[in-house]
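Visitor: I am new to this structure. Could you show me how to read it, one feature at a time?

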Amino acid sequence: MIKRFTVLLLLAGVGTLFAGLLLGYSPDGELNATARYYADHTAPDIGAANIVTAIIVTYRGLDTLGEVTVLFLTAAIVGLVLARGRRRTRTEQRELPPSGELLTTGSRLLVPLILLLGVYVFVNGHLTPGGGFQGGAILASAILLMLLTDPLRRFSHRLISALESTSGLVFVGIGLLGVFFAGGFLDNRILPIGNLGSLFSAGVIPVIYSFIGLKVGAEFSSMLVSLSETEDS
Amino acid sequence: MAHIALATGFILILIGLYGALTNRNILRMIVSFTVADTGVNLVIVAVGYLRGRTAPILDATLPAAEAAARIIDPVPQALVLTAIVIGVGITALMLAYAYKLHETKGSLDIADYRELKW
Amino acid sequence: MHFEWMMIPYSLLTLFIVVNYGLLLTALMQKIGARVGRRYGIPIWQNYIDLVKNYGLRSSITHGVMFYLGPVFRLSGGVGLLLFVPTIYGSVMFSNLSFAGDLILALYFVFFGALGMALGAGESGHPHAAIGVSRGLSQMTAAELPFALAVFAVALQYQTLSITEIVAAQQGAVLHWTLFTNPFAVAAAMLSFLGSMMRPPFDLVLAPQEIPIGPPTEYHSSYLALMQTNRVIFPIAKIVIYMNLFFGGAASWPVFFLKVFLIYLFSLFVGVAFPRFRVEQSIRWFLVWALPLGIVAIVLV
Amino acid sequence: MSTIMLPMALLLAAAMIGAALVAIRGDSVPIAMLAAGLVSLLASVLFLLLAAPDVAMTEAAIGSGLTTFLFFFVLGRVRGDSKHD
Amino acid sequence: MVSPIFIIAAGLGTAFLLGLLRDEWRAAAYGLTLAALAGTAAIAGGWLWAFAIDGAAPVEILTAGTPAPFAINLRLGLPEAALLLLANLTGLLSAVYLKDTLSHLGRRAMAVLLIIVMAMGGIILTRDLFNLFVFFELIVISTGGLILLSAERHALGAGFKYLIVSQLITILLLIGIIFAYHAAGTLNIDGMAAASLVMLKGGSLAFFLIFIAVVAELKPVPANGWALDIYEAAHPAFSAIFSAAVASASLFAVDKLLLIGGPAWLPVATAIGIISFVASNLLALPQTNDRRMLGYSSVGQVGLILTVLGQRDILGDSTLFIAGGILFSHAVAKAGLFWLSGLVAGRNLQDWSALRGQPLLIFAFVTFLAMLSGLPPFPGFYAKWELIHLLAGHGRLVLLALILFGALLEAGYLFRWFGYIIKGEQPTEVIVPARHKLSVAMIAALAGWALGYLWGGLSAHNNLLQTLPLLFALGFLLLEWLPAWIKNSLAIAGLVAWFILGYPGYDPLQLIFATIMLLGGALILMASYHAQGRRVGFYPSAMLMYAGLAMLIVAKDSFNFFAAWELLTVGSYFLILRGKHSEPHALSYIVFSLGGAFLILAGFALAAQGNSQFSIEALRQVAQPLAPWVFVLLAIGFMTKTAAIGLHIWLPGAHAEAETDVSPMVSGILLKAGLFGLFMLLMHMGKQQLYGVELTHVLMWIGALSALIGNLLAIFQEDAKRLLAYSSIGQMGYALFGLAMMNHLGWLMALMFVINHYIYKSMLFLSVGGIAKRTGTRLMYKMGGLITLMPLSFIAVLIGIIAMSGVPPLSGFGGRWIFYNAIMTAEYRLPMILIFLSGPIAFLYLFRLIHTIFLGQLKDEHRKIKEAPFWILLPQFIYVVCLMVFALVPGLALRRVDAYISQFFPQGALNWEGLTITSDYGYWSPVSIMVVVGVIFMTLFAWLLFVNRKAQKVKQFNIVFAGERPFRPETTHFAWNFFAPYRKALGFLTQPLVTGFWETLTDLLHTAADVARRFYTGNAQIYAIHFLAFVVVLFLLSRGV
């Protein structure tokens, strides 16, 4: 009880802080200098229609590299930790109810479609909303669906891992190419920036975003697969 | 609009923190943190919102020349994307911890993990 | 002042006078003490007899090297003390060997004999000897304190550490004596004097009943003779210092004899009137009564 | 347009807060997880209103979808013998 | 140069590449990891070289080919390069150390390790706020991951606590960042600083959130429970990374933030830092777990550096030097200690005794210990010197005091730990460190020395690692494999040579001290010839002490003086610690000494008024309101070394428990260092008044009380060496008293005591040591009657005690005579009463010493013992000769000094014409006295011998004993509680008031710490609440201000 009260009291303090922020907040009428720069320069310099994507992949590419690394780390750690737990094997498997016919059939139908959607989302990341992360998550949901239909299904860890690592390497590699062939690390202009709005535009952004998509998909899948393969603790 | 989102975000954060600090079940603590994370994301996006403007995606209706006058601030959105992904990473890590802790002691009560102190 | 060879016979002469006077004086004091106690007392020449007898005895045992050295230290201390202090004021003959050092030398040389005695007693291996030494040293430290303060007060008063100069400063009239110019110092010193004379009430060191004669328990024959000699020289040497510092010194032997006698009598006087103190009592007594007098003396100078 | 958006936003906000309360104080863990997912989902709608389609997609796909599944997977693993629920 | 972006790219690329390898190719993966880390370290090293040696300008690295505020940019300058190197090297060495663990865990664990190192690089390099956040999150996740992977059961809980608090931090940080962005319109750190974020609307709150979040990464007290649990539980090599590298990177992040915050936030940083520093060091006191204690120490050190960063307004250009010095000392030492802790099986501090018998490991440990405690010649020492001076110069005295207090606490528990290692119970198991682990620890230790050299070069002062005496002392570390007698000869030769080299340059006062410390030291070392074997550890310690002494007497400025002071303190500590049961005493010695040293440091700093170059001579010019305070600080500092009453409680144990030949060194020689300091102080500052109190009068009282209480306590000791030790307190009291009289003869007397005390105390300690060696006990009542068996020792002791008691004709009397002459002119007389009382008391303990050991009854078990070893006797007889010569012709040593003192006190010089020494008041003729006494003595002796020539020595129990023959020596030897009447009369003066005071103080500290640490309940939610409370309180405070 004392703890709850203390927590409430402290949160009241934090709330005061937040209230200060809220009351002191006045929406900007105009874009600030940074945002204005992006609004003005994205199209001519980067060639991406989706300014958010341009920021994520290029202007703040280093953040994204870190972000991808976070997922890589998490996947690696979760995989490793859970792999060191006992693995469920088919023989000592307790009886699981078989999945319904509908689910099985549905998944067979849906999985390719979902995969396609995922690819679409990240390939078009520089043009439309969405991108590597969203696309990757969609890819992973296809795997999820497969796991739900057949919990005992095995996926090749090596394949997932190789996909993940290769994508990461390519990301870093492309970034470094920027140092040699363009204005700096992660500069997208090692490829022509093309026409605004077309698929092959925005320099290397679609490539990077595609690999991010693959990587994120692989990582989420790897987490899900690891979790699903683990024995109950 | 932005104020509503901001306020909601802050309230979510406070609710999430309250949950994280008062629930003794580890899983519920993690759940509470995701609520707080959502609140944070909401706050970030709300800060970048400009009244009456559109999403920062150029297309036929939004030529590049008009972008500066018509789009909202894209930077917070970019930040939030990163924050979401990082958030899920941490959540996953915490879940892995929850699993491992449960494996060692068979308990999900945070109060049971106090061997180290003082 | 420098050393001259003639000093040696003169010093020996002083020594001779003092020894004889000491022998007689000690016996006299014994006798007075006895009479006060309604006893007959010893004959006046008794000390001569004892001394001759003891010197005549040939000892055939020893307890070790320090046992030998103890009496030697003891007597050297007494003789040295006497010789480092001028006896007769204004007399070159009887200023002895005081060229070697001043008042401080005398003050510290007192310990020389005590140390030797204690060492010899220790070597004898007798527990009573050690007990006596323990008591003696304990008491001495407390008793010396007021005396040291008084000496310091006197030295400050006359702005010198030379005994001769201190005596010189007191000449002219009785009222020039330190006794009158600095009574607190003298009072402190005289109380201290009681403690160093091994007489009641401060004679627990020798405590004849409990620890047969204390430190010298194991000594006999010629060893004892040396000590007895010292026992007649040492008090007088000590009294000479008192006389010089506080009572105007002595310009001639008769004055010397008289002053020494009177100062000695003072300790006897107190001794017959008071019972014996335990050591811790006497320590406290010196610190409570004599020490403040000494402090006052220093502060007032 | 804003005439519809404002009440909608308010409604969403209220719903999110309600769901959040369920998420932290709900009776059972699975319901709490679902409620947290719901908060995310509602948030993604709010993001759309805030002209952030990218964020909305991400929140829906990752924050709401994947995270909830992760929760359930782990819950499934630790549930069997957990006594201190 | 290779672009620093490759540091990040290489780390990440390798991490990804590891994913491609087969799980079985662990060796390859490990090799790749090491190569990557080595590569990145090489890049960082290259840049460091470019900046430091070639003076290159800092470089900006743009990403995305877009100018700075719009894309993320990195910056690399000198501090960044240094920190990068630190992070990468720590990572590399930890990876080497972790060879087995990493191979076991596999490539993914290596990837995590690579990423944490990479992330630190990111934190150091980036100039973008959000990017900073991303890298912080990477650190959080990889930290959590490493802990999770190491799979220690306790570590799991700790890791989870960490994640929970990290979540809170993340939330605050993100909110802060977005509002800062909103206010400033940029995410660039420099841009925010340029826009003065904190001035903008909403900016200050946003900055508060960012600041508090990043500061929380430094684990400030009290928001740090989780961190301590991690330090306690994680694999030590991981902890090494967390403590050394991650903390450094986080500090650098805070430093960047302070750029935004501007001067207004500096006090906040200072406050958080200093509270962490003091509190965590206090909390570390009652710790028994090594790693947790190291954790507390880490938190403390980081707090100290934060304090330094917060003081940059006054530190100015020195900030880098100071913060860097402390930071690198901390990082290297802490990493090293964590690595060492991996070699020790037990987690209790006492278990570290397993290090014993491993000289290399002990060397490494000592290096780390010295680095953490800020001892010379390590960077922390130079940094501390500058820091304290600048603080004093700007009047930030409270901060100065807190820093010194915290540092003392830290030194206290660190040295206590070292004591456990050297003196703890015999280790149950011997550790056999794997070669790669050993190399890692040794590399860290050597890096520490290299940094010491570097910082010495960078400092405006003498590079201590280039000073000959110190190098000579350190050289003995390399000679440890030689047998002791060779090293001993070398040491003696070194001391004598150094004396001869310096001889022309000494003034008379220095000459006296140099003679005693160098030649005297060589003389005592002769006794060391009796030691067998290699005597590992003895010579480096002893020579370190002598090096300090040699440097002390010629020091011209305060820096060299203080450095020498610290060196001799440390050296003597190691020496004292060598004794069998000396552990607690050595600890109390080092704590008192360091405390004293800190006071000296503060005194010098105050006097120098911020100017770190300060010649000792300039003490004369210290301005008035300050001067008495400087005087007080320095005087107390020096008096800890002379063990003046109140500060004396370390001495008896330390001197008594030391080895036979060490006791004379620390008593005969070391104590004089304090006197030398006091000489310097009084010579240059003269009399000072504080609130109308004449400070020299206070010193006189202290001296007199020391003399009295020291002597009084000495007479009640049963232990011979303790008796001598207490007697030293008394003797030093005399000397202090003489100095404080501030007249010619007073100083001469003090010098006389310097010489005399050296001679007879060295001699007595050697004799007693030799006897204790033979009898196997130091308790005097267990001895007795040894005169026949050990006659030579007896003679030495006899001469010694006669000299010491001041009885003519030996040299002690000279001291007394000068004393009396000196007090004649003293203007203040009351304390003399105490001195008068203590003189005869000295006589009591001296008699007791000789009586109970040599006289009385011989014990049965000692009937067959032999005389003390030759090499212990030899110096004693050289001392006897010295005493005799000094007694006869004191002018030999004193005459020149007398003339020298006339510089300061023209009045009252002695007249040395002929054989008689005359003063204004009296005279003294040593030769005559000797001759007169000698003649009388010899005459009587000869006569007695003659008459008793046939005397037979009787058997032991042949005494007159009430008609009985006692036959048990134990009951017949009157020795125990020898001065019982004295105890009855004056025992109340020996109440252990001072001991009680210090014990109460330490108990209080311990109790406070013990109560305070309950605060860390171990519950993750409570820790989170601590953090929130920290935020809220700081928020409310910052609003209030």
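Guide: Start with pairing. Two strands pair if DSSP finds at least two bridges between them. Keep in mind that this is a predicted model.

Visitor: Which strand pairs with β7(E), and in what sense?

Guide: Strand β1 of chain C, residues 61-62, does. The two run in the parallel sense, over 2 bridges.

Visitor: Which residue is the bridge partner of C:Ile61?

Guide: Look in β7(E). The partner is E:Gln952.

Visitor: Now a helix. How do I read one?

Guide: An α-helix has 3.6 residues a turn, so residues three or four places apart point the same way. Take α3 of chain E, residues 78-97. This helix has 20 residues and reaches 28 Å from its first C-alpha to its last. That is close to the 28 Å expected at 1.5 Å a residue.

Visitor: Why is α3(E) described as largely enclosed?

Guide: Because 18 of its 20 residues are buried, α3(E) is largely enclosed by the rest of the structure.

Visitor: On to chain A. What is its secondary structure?

Guide: Chain A has 8 helices and 0 strands. Along the sequence the pattern reads α-α-α-α-α-α-α-α.

Visitor: What does the radius of gyration of chain A come to?

Guide: It is 22 Å. A compact globule of 233 residues would be near 17 Å. The C-alpha trace of chain A spans about 60 × 60 × 35 Å along its principal axes. Buried residues make up 56% of the chain.

Visitor: Where in chain A is confidence lowest and highest among the helices?

Guide: Helix α5 (residues 101-123) of chain A is lowest, at a mean of 84. Helix α1 (residues 2-23) of chain A is highest, at 92. For chain A as a whole, the mean pLDDT is 83, and 92% of residues reach 70 or more.

Visitor: Where does pLDDT stay under 50 in chain A?

Guide: Over residues 89-93. There the model has 3 contacts beyond four places in sequence. Where pLDDT is low, the predicted coordinates should not be read in detail.

Notes. Residues numbered from 1 in each chain as written. Chains lettered and ligands numbered in written order. Predicted model: local features only at pLDDT ≥ 70, side-chain atom pairs only at ≥ 80, totals over all residues. Helix = DSSP H or I, 4+ residues; strand = E, 2+ residues; numbered from the N terminus. Expected span 1.5 Å × (residues − 1). Buried ≥ 20, exposed ≤ 12 C-beta atoms within 10 Å, placed from the backbone. Rg over C-alpha atoms; globule rule 2.2 N^0.38 Å. pLDDT = per-residue confidence, 0-100. Contact = placed C-beta atoms within 7 Å.
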